[in-house]
Amino acid sequence: MLIDKKLILEAKQKIGKQAAILIAEDLQLKNFDKDNLKASCPFHPNDDNPSFIFNDKPDGLYYHCFGQCDKKYDLIDHFIFFYHMTYINAIKKLFEIAKIEYSFGEQGAKTKTDREYKYPYPEGELGNEVIEYAKLRKISEETLRQFDIGQDQHGNMVFNYYDTNDVLCMVKYRPAKKVEKGELKYWLQKQKGDSRDVFMPLLFGMNKVDITKPLCITEGEGDTLSVAESGFRNVVSVPNGASKYEWITENWDFLEQFEKIILFFDNDKPGVATRKEVCSRLGHWRTLFVNLPETIEKDGKEIKVKDANDVLFYFGPEKVLDFINSAQEMPIPDIIDLSKADDFDIESAPGLKTNIDGLDQIIYKFVLGSTVVLTGAKGSGKSSLLNQIFVCNAIEQGMDVFLFSGELSTSVLKSWVELTMAGQENVTMKNKFVHVIKPEAKKAMKDWYEGKIWIYDSRDNDVDKVLEKAIAVTRRFGVKVWVIDNLMTLDIHSTNDGDKYECQKKFIVKLSNLAIQYGVLAVLIAHPRKTSELRRLVADDVSGSNDIGNRPEYIIGVHRYSNKEKAGEKNKKGGWVVGKEPIKYDVDIDVFKNRPVGFIGNVPLYFSYADYRFYRTPKELWRRYGWSKDTSPLRTDDPNSHEEIPEGFE
Ligand SMILES: [Zn+2]
C-alpha cells in the first residue's frame, strides 16, 4: 500500500518537538539538554560536544549529528530501527501519536490473484550459523535482525522478501559460507507440491524503507546489508542480480514516490550496463549512481573491490558512506572526455537484426540508440516493411515496441501486425482482399505478444504528447523500439510551409537525442518531399544537407517496382534495352545511409501479399515467429507469383 507523503509530513509536524523527547528517552541519550534539544551522538563514540541536535524546523524534525558521523535520525527511522518495525507499522504509530485517522486495511492483504501463484511458507528464525557467517563479512546481528534474515534447517541464510503490505511473497536462500566454484550461490523456495520457484520481482527490504528519504538500490542482498551496516538504512536490493529489469515494472508505483535514488551496483560489465539502463528508466533527474573503482588504495597497496560488501570488508563503514555521498549523475550526452567514452563494437552493441539475409549483410544490425528514417513513395510498402522488421522481428528478439500510427486505427493496425506475425501457412485468402488468420494461431500470437506492443491510442497527434508516451513506456516497461508512422501526420507545431521544414528538423534532432538518452531505436517514416509519382528515390532525395538527412544514423528507401518495370522493355531488335531488363523481384530496399558500419547498397526482395512479408529465400518467407509451436519442417517452395501486387497497400 502507498501512503500519501503529505499526510506523513503533516503527522510529523503535529508531533513536532515531542519527537525529540521520545527518541531521547528510548535511546537514553547522554548529556541530553531538554531546552535546546541536543545530546551526545549515540551513533559515534566519545561525543563530548553534544553534536546530536534536533532540527525543529517544519521541514526538518530530525536529529542531525554535526560531529563526525553526520547522521540524520527522525521518528520514522526510530520506529523502524529501534523497534524493528516495518514501514507501515512505523507510519501507523506516527499517525497514532499525531491523532490522524487512517485506514491501514491493506496491510497483510495478499494482492496476487494469479491462481498459479502460491505464497511461500516462512522459514526458521535467525540462527548461529548465519550470524557467524555474516560476522565474517562484517555484518552485525543487529543488521540481520533489521532485515529479518532467517536460517533454514540446513543452516542456510534466508532472505525474506515482503511487499509493501508486509506480506511475505518470496523466500531466497544462500549457503552461510563462502560459495565454491560450481556450487549454487542462490536459490528460491519452491512452491509446495511442485518444483516451480516462488518468484515475485520485489525489492528486498522494501517494506522497511521510508519513502520520504533517498533510496539506495543494490545488486544483491549482501550489498544491501553492507550499506545498512554502514549507517545508510534506506536501502533495498534487486531480486535477481544485474541485467534483469522486471522489478522496475513490478514496483513502479513504489519507486515513483522517491525524490532521490542512488544505485550501488557492482563495478563489473553487467553492473555498469545495468546502472546505465536503470538511471534512464527511473529518471536521470533523480537517479544517481556510485562509481566504484576496480581497485582502492590502502597502505600503499591496491585492493580489488567489486561491490559494497568488499568496500565494507576492507575499508569499513565510513568508506561505504563516502561512496554513497559522492554518487554521480549519469551524464547526458553532449560533450564527453574521449577516454571515458564507451567503446563501440558492433558485435557486442545491442541492436536489431532485420532477419533478411541480404539486408543484414549491409546493415549488420540497427544499433540501439540510433534513429532510422524509412522513406518511399506512397504505396511502396514502407509500412509493411516497418511492421515486419521493427515490430514482429523486434518482439522476436526481445525488444518491446511503441507504435504511433497517424493514419491507421488501432484495430486495423492490429490485424496488420498479426497478419505478418502469423505467416502464410496460417492465413487463407477469402478473396483478393480479405485475409483470414486461423483462430488457434490468433490466440497463440496474442498470448505471445501480450504486454510487448504499446500502441499510441489517442486522436491527439501532438508531437510532445507522442514522445512523452514513448518515454513513459520505455521507462516503465523497458520498451526498446519506437516506431513513428509517419512524420506528416504528427502535429509538429508548424504554422506555415516555410517553417514546416524547420519544425521537422527540430523534431528529428529531438527524437535522435531521446534515442541516445534512452538507448532505444527510433524509427520514423517520412514521405519524400516532392515525389508524387512512383519514381525511385535517389540518395539526394533524402540525405545530404537537407531537412532530415543529417541526424539519423540510417536512411532506408523502399521502392516498389511498377508492372512496367517488372515487364522490362524490348528494343527494336527484340532484345532488352540495357537497364530495362525484366525484374523478377517486387521491391528494392535502398540503404542510403548506414553510419555505424558505413556500407550502403540495395537489396531486391520479393513480397508476399498473403502475409505482407518481404523475403529473398523461402526460409525467410516461411519463417515462424516465437509464438508458433509448429516444429514440422519449413516449406521450401515459393507459391507467390510475383506478377503484380494489388494496389492499395502501404
Ligand atoms: Zn554522530
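Colleague: Two strands count as paired if DSSP finds at least two bridges between them. With that in mind, what stands opposite C216 in β11?

Modeller: I262 in β11 stands opposite C216. Keep in mind that this is a predicted model, where local features need pLDDT of at least 70, side-chain atom pairs count only at pLDDT 80 or more, and totals for chains, interfaces and linings use all residues. Residues are numbered from 1 along each chain as its sequence is written.

Colleague: Thanks! How many bridges join β9 to β11?

Modeller: 4 bridges join β9 (residues 215–218) to β11 (residues 261–264), and these strands run parallel. Strands here are DSSP runs of E, at least two residues, and helices are runs of H or I, at least four, numbered from the N terminus.

Colleague: And what joins β11 to β12?

Modeller: 3 bridges, again parallel, with β12 covering residues 287–289. I261 has T287 in β12 as its bridge partner.

Colleague: Which helix does the chain pass through from β11 to β12?

Modeller: α10 (residues 269–282), in a right-handed β-α-β crossover (clockwise from the first strand over the helix to the second, with the strands pointing away from the viewer).

Colleague: New topic: where are the domains?

Modeller: Domain 1 spans 5–98, domain 2 spans 128–329 and domain 3 spans 355–621, with bounds from an automatic or database assignment. The C-alpha centres of domains 1 and 2 are 26 Å apart.

Colleague: How many residues of domain 1 are in contact with domain 2?

Modeller: 13, against 12 residues of domain 2 (contact means C-beta atoms, placed from the backbone, within 7 Å). On the domain 1 side, α1 (5–15), α3 (75–82) and α4 (87–98) each give two or more residues, and α3 has the largest share with 4.

Terms used: Contact = placed C-beta atoms within 7 Å.
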